[in-house]
Amino acid sequence: MKMEKEATPLVCKEVLDISNILWGPSVKIDVFRRWAQGFHFSNEEPTALLQCEGGPCAVLAPVQAFIVKTLLESDSIAEWRQAGSDSCSKLLVKAVCDILSQVKEEPDCRYQLVELQVVKESSDPDTIGSQPNTTTSSSSLINGLSNEVSKDDIQLIESSISLRQNLSPDEFHSQLKVLTVDSIEAVEHFYNERISMLQNTYGVLLLLYAVICSKGIDQIHEEMSDPNESLIDVVHGYGNQSLINLMLTGRAVGHVWDHEQDVGGLKLRGLIKQNDVGFLALLEHLRYCEVGSFFKNPKHPVWVLGSETHLTVLFSWEKSLVSPETAGEVARRVFKRYDPDGNNFIQSSSLQDVLRDLDLVSETEYVDIMRRKLDPEGLGIILLLAFMDEFYADERKTTPDVFTLFHYNGLPHSCPDGRVVYQEGSAILLETDVQSILESNPIQTVLQTKWRNIEVNWKSGVSPSLN
């Protein structure tokens with residue numbers, strides 16, 4: 001397949017702009033090295049990606065989510081845990097293409113793919129030892145894992161960590177070059193021909209830079225809530241919500257609710273449509289954020305789970321857990337637009353606007369009748385439950401009461417026995433209005449933000465870690 005043109009080095013201004021939006025005014029060396037890893041699959045679970053250290057889960061978890069999405073689309077339930085290396089490489093490339101295809105909204109678009117001109121190999125121990133903190137942190141990580149993780153996975157992690165000492169951030173940026181292609185088919189061809197580039201030390205960063213270049217710096221700044229904030233935390237090295245949303249949806253908005261919300265006169269952007277994969281947040285339980293129905297009810301039963309510091313992935317083969325939005329789900333979403341505080345009621349004066357937005361009868365005489373019926377005591381409010389019972393009482397529940405869930409965490413030290421495998425659990429939706437909150441069980445808590453009365457029994461006997 002013919003490429004659009006030859007790869008050319010990124011010019012200094014482009015590199016500076018990308019570095020500023022990603023890392024901030026200066027690149028912290030230990031943060032950069034934690035992000036310098038390739039896409040490695042676990043030897044314990046062929047389609048599960050390994051994460052070497054904290055930080056790059058903002059890229060790894062979305063890629064893992066899209067890998068799972070492709071597995072669910074294939075319907076190959078009997079083979080998904082025995083995939084060979086070639087199949088896994090194809091899954092990785094497909095996930096990368098899915099992510100890049102979302103960042104371009106116009107049909108006739110060009111993608112800018114980033115690679116390294118040269119990877120400097122250094123075996124000089126004095127040179128390696130001169131890099132601040134790298135040797136110490138690398139050896140301590142490996143020593144901490146050696147009694148838990150499989151030897152093959154240790155070798156993958158050890159190899160990735162040692163190779164990070166090759167390039168400083170400045171050297172890395174000076175050796176970047178960009179290739180412009182004009183179709184997603186050309187993107188797929190590019191990565192299939194260079195699969196080792198994704199698997200080698202800087203694979204995660206090269207994909208991230210390709211996403212940023214293809215999206216465009218100006219467009220990312222325009223979508224972010226605070227364009228002066230870097231996508232990666234300058235101190236701790238975690239990806240912020242704008243970066244997570246960019247990887248999951250193709251838009252670098254800073255919020256996870258549906259559409260826009262007016263907060264103190266500010267229009268804060270959220271999602272604009274149902275996404276391919278979802279997102280659930282532990283912080284929603286604490287009322288620090290509000291996850292909208294576009295993320296809670298994605299097109300595929302795959303959700304990235306966000307804790308305070310880490311991202312993991314939840315999925316199920318039960319496709320009836322998600323579906324195109326029903327009329328009732330649309331109604332709840334519109335209703336909440338007029339209930340920004342999440343009180344499950346609106347001012348009765350807003351009823352006409354809600355009915356109009358839902359294309360229901362909204363003539364003044366009819367609205368007055370409905371207002372008196374839904375607010376018989378004249379309190380000036382209309383409850384969500386009363387509204388749904390009046391207009392959507394016949395909508396049937398489609399979610400099964402019992403289903404199987406799988407959870408992925410790419411950090412070996414966060415997995416039972418240090419093995420990066422999908423943790424299997426049996427979920428049941430209880431018939432009760434009493435919600436049981438267990439602060440000691442974070443994964444149960446985050447799942448209850450979507451399924452209020454869910455309980456999960458994990459096959460291993462241990463609840464998976466969100467961190």
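Helices (H or I, at least four residues) and strands (E, at least two) are DSSP runs, numbered from the N terminus. In this predicted model, the loop between α16 (327-337) and β11 (345-347) holds N344.

**Loop residues**

N344 has a positive phi of about 65° although it is not a glycine. Most residues other than glycine have a negative phi. A positive phi, of about 60°, is also found at D417, again not a glycine. D417 sits in the loop between β13 (402-408) and β14 (423-429). K273 belongs to the loop between β7 (266-269) and β8. Its C-alpha atom and that of P298 are separated by 9.3 Å, with the two residues 25 apart along the chain.

| Residue | Relative accessible area | Class |
|---|---|---|
| N344 | 40% | partly exposed |
| D417 | 62% | exposed |
| K273 | 54% | exposed |

N344, at 40%, is partly exposed.

**The sheet**

An open sheet is formed by 6 strands in the order β8-β9-β10-β13-β14-β15, with mixed pairing. At its edges are β8 (278-281) and β15 (454-458), each of which pairs on one side only. Direction ignored, neighbouring strands of this sheet are turned by 30° against each other on average. Helix α13 (residues 241-249) packs on the sheet and touches β8, β9 and β10. The direction of α13 makes about 155° with that of β8.

Two of the pairings can be described in detail. β8 and β9 pair in the parallel sense over 4 bridges, and L280 stands opposite L305 in β9. Strand β9 (residues 302-306) also pairs with strand β10 (residues 311-315), in the antiparallel sense and over 5 bridges. In that pairing, W303 has L314 of β10 as its bridge partner.

Within β8, G278 and L280 point one way, while F279 and A281 point the other way. All four of these residues are buried.

**Nonpolar cores**

In soluble globular proteins, nonpolar side chains tend to be buried together. The largest nonpolar core of this model has 97 residues. Those with the most contacts inside this core are W35, F39, V63, L100, F172, Y191 and L207. Helix α3 (residues 57-74) supplies the largest share, 12 residues. The core draws at least three residues from each of domain 1 (13-118 + 153-321) and domain 3 (402-458).

V63 touches F39, L49, L92, A95, I99 and L207, leaving aside residues up to four places away in sequence. Apart from this core lies another, of 19 residues, with L305, A427, L447 and W451 among them.

**Helix α9**

Which residues of helix α9 (residues 184-193) are buried? They are A186, V187, F190 and Y191. These residues cover an arc of only 130° around the axis, so they lie on the same side of α9. Their cover includes the helices α4 (85-103), α10 (195-199) and α11 (203-215). Strands β4 (111-116) and β5 (176-181) are also part of what covers the buried residues of α9. One of those residues, Y191, is also listed with the residues that have the most contacts inside the largest nonpolar core.

Key. Residues numbered from 1 in each chain as written. Predicted model: local features only at pLDDT ≥ 70, side-chain atom pairs only at ≥ 80, totals over all residues. Heavy atoms only, no water. Pairing = 2+ DSSP bridges. Axes fitted to C-alpha atoms, helices over the stretch in contact; angles between N-to-C directions. Contact = heavy atoms within 4.5 Å. Core = buried A, V, L, I, M, F, W, Y, C linked by side-chain atoms within 4.5 Å. Buried < 20%, exposed > 50% of the residue type's maximum accessible area, 1.4 Å probe, protein only. Domains from an automatic or database assignment. Arc of directions from axis to C-beta.
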